[in-house]
Amino acid sequence: VEIFNVNVGESATLERGDLICAGSFSGVFAPVSSASDASKVLMIAADDFVADSLSTVTRAYAAGTFSREKIKFGGASLTTEPFEQALRQQNIHLRGTQEN
């Protein structure tokens, strides 16, 4: 498991397990909102986090094996399916089944 500190911007609210994305590793991460986000850098939020003007950096998993059932999408009604190939390429592997 690899964990990195990532910038999420001052209006972010994340839950542990949220799939987050950014245009680059040094970009501002936000919860994925559509399947097209699979083309971006993907990570999984490691902690519940509410950002503010003084605190915009949180921890995210950049590699490891995780349960599909635990992946969240920040309120969007998505499944892991469109993201799985991109996640594998980034060394994030999912196990188990997703119930929807």
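**Close-up views of strands E7 and E8**

**View 1. Strands E7 and E8 run parallel.** Four bridges join E7 (residues 57-67) to E8. Opposite Arg-95 of E8 stands Ser-67. The model is predicted.

**View 2. Strand E8 has a covered and an uncovered face.** E8 spans residues 92-95. Ile-92 and Leu-94 form the covered face. His-93 and Arg-95 form the uncovered one. In a regular strand, side chains alternate between the two faces of the sheet.

**View 3. Thr-58 is a buried residue of strand E7.** Its relative accessibility is 6%, so Thr-58 counts as buried, the cut-off being under 20%. Leaving aside residues up to four places away in sequence, Thr-58 touches Phe-4, Asn-5, Val-6, Val-8 and Leu-14, and also Asp-47 and Phe-49.

**View 4. Thr-97 is an exposed residue in the segment after E8.** Thr-97 has a relative accessible area of 55% and is therefore exposed, since the cut-off is over 50%. Thr-97 touches Arg-68 and Glu-69, again without residues up to four places away in sequence. Along the sequence, Thr-97 and Glu-69 are 28 residues apart. In space, their C-alpha atoms are 6.7 Å apart.

**View 5. Confidence is given for the protein and for two of its strands, E4 and E5.** The protein averages a pLDDT of 93. A score of at least 70 is reached by 97% of the residues. Strand E4 (residues 30-31) is where confidence is lowest, at a mean of 95. Confidence is highest in strand E5 (residues 41-45), at 98. Where pLDDT is low, the predicted coordinates should not be read in detail.

Methods:
Residues are numbered from 1 along each chain as its sequence is written. This is a predicted model: local features need pLDDT of at least 70, side-chain atom pairs count only at pLDDT 80 or more; totals for chains, interfaces and linings use all residues. Side-chain values use heavy atoms; hydrogens and water are left out. Buried means under 20% relative accessible area, exposed over 50%, partly exposed in between (1.4 Å probe, protein chains only). Two strands pair if DSSP finds at least two bridges between them. pLDDT is the predictor's confidence in each residue, from 0 to 100. Contact means heavy atoms within 4.5 Å.
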